[in-house]
Amino acid sequence: MEHIKKVLPHRFPFLMIDGIEEMEQGKSVKGYKNISHNDYYINKSDGTFPNTLVVEALAQLGAFASTTEQTGLGFLSSLKGVTFTGCAKAGDRIDLYYEVLRNKRGFVLGRGTAKAGNETIVTAEEILIYQAPQT
């Protein structure tokens, strides 16, 4: 968890990453988010986790694949080809994967996938993150 605090400025309740499992700097990163019944953003009527926050989790994960000591904070710049094919419910673990496609002049283009169990729930063809220079 300490590593997460060094890379992301986000804190509870908007931190959407609970752990990092694998990371190949500049190439890809795997992480996860555990969904709790106590999370305030869970839809109380059906217990689902909003898919837009899954997209946010993928963007936050992208910061780990592209952050170096020379870069500052990353900002989500754009999304393309986002598809919602399922949902996560309270009690699920969302497995997240972000792959860097291109990294040029502070703009990191990647694609992401999120799974709950064996079911893919969100895919994003392009997630563009701007890495601001460190000041």
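**View 1. T48 in strand β3 of the predicted model.** In this predicted model, T48 has a relative accessible area of 13%, and because a residue with under 20% is called buried, T48 is counted as buried. The residue is found in strand β3, which covers residues 48-49. The side chain of T48 is joined to the side chain of D46 by a polar contact of 2.9 Å. When residues up to four places away in sequence are not counted, T48 touches Y41, I42 and N43, and it also touches C87, A88 and K89.

View 2. K33 in strand β2. Is K33 buried or exposed? With a relative accessibility of 5%, which falls under the 20% limit, K33 counts as buried. Its place is in strand β2, made up of residues 28-34. Here the side chains of K33 and Y41 are joined by a polar contact of 3.3 Å. If neighbours within four places in sequence are left aside, K33 is in contact with L15, M16, I17 and D18, with Y41, and with D92, R93, I94 and L96. I94 and the largest nonpolar core. The largest nonpolar core of the protein has 29 residues, and those with the most contacts inside it are F49, V54, I94, L96, Y98 and I121. Two or more residues of this core are given by each of the elements α2 (51-66), β6 (93-104), β7 (107-116) and β8 (119-133). Which element gives the most to this core? The answer is α2, with 9 residues. Around I94, not counting residues up to four places away in sequence, the residues touched are G31, Y32, K33, I35, F49, V54, A88, A114, K115 and I121.

**View 3. The hairpin of β7 and β8.** Strands β7 and β8 run antiparallel and are joined by 9 bridges. Within this pairing, G112 stands opposite A124, a residue of β8. The hairpin has 2 residues between the strands, and in this hairpin G117 takes a positive phi near 70°.

**View 4. E99 in strand β6.** E99 lies in strand β6, and its relative accessibility of 24% makes it count as partly exposed. Leaving aside neighbours within four places in sequence, E99 is in contact with K27 and S28, and also with L109, G110 and R111. How many residues apart along the chain are E99 and E24? They are 75 residues apart along the chain, while their C-alpha atoms are separated by 9.5 Å.

**View 5. The protein as a whole.** The secondary structure comes to 2 helices and 8 strands, and read along the sequence these elements follow the pattern α-β-β-β-α-β-β-β-β-β. The protein has 135 residues, of which 41% count as buried. Among contacts with a separation of 6 or more, 66% are accounted for by residues 24 or more positions apart. The protein exposes about 7500 Å², and carbon and sulfur atoms supply 50% of this area.

Terms used. Residues are numbered from 1 along each chain as its sequence is written. This is a predicted model: local features need pLDDT of at least 70, side-chain atom pairs count only at pLDDT 80 or more; totals for chains, interfaces and linings use all residues. Side-chain values use heavy atoms; hydrogens and water are left out. A nonpolar core is a set of buried Ala, Val, Leu, Ile, Met, Phe, Trp, Tyr and Cys residues joined through side-chain atoms within 4.5 Å. Buried means under 20% relative accessible area, exposed over 50%, partly exposed in between (1.4 Å probe, protein chains only). Helices (H or I, at least four residues) and strands (E, at least two) are DSSP runs, numbered from the N terminus. Contact means heavy atoms within 4.5 Å. Two strands pair if DSSP finds at least two bridges between them. A polar contact is a pair of N or O atoms within 3.5 Å; within protein, one must be able to donate a hydrogen and the other to accept it, and residues adjacent in sequence count only if both atoms are side-chain atoms. Accessible areas come from the Shrake-Rupley method with a 1.4 Å probe; for residues, only the protein chains shown count as cover.
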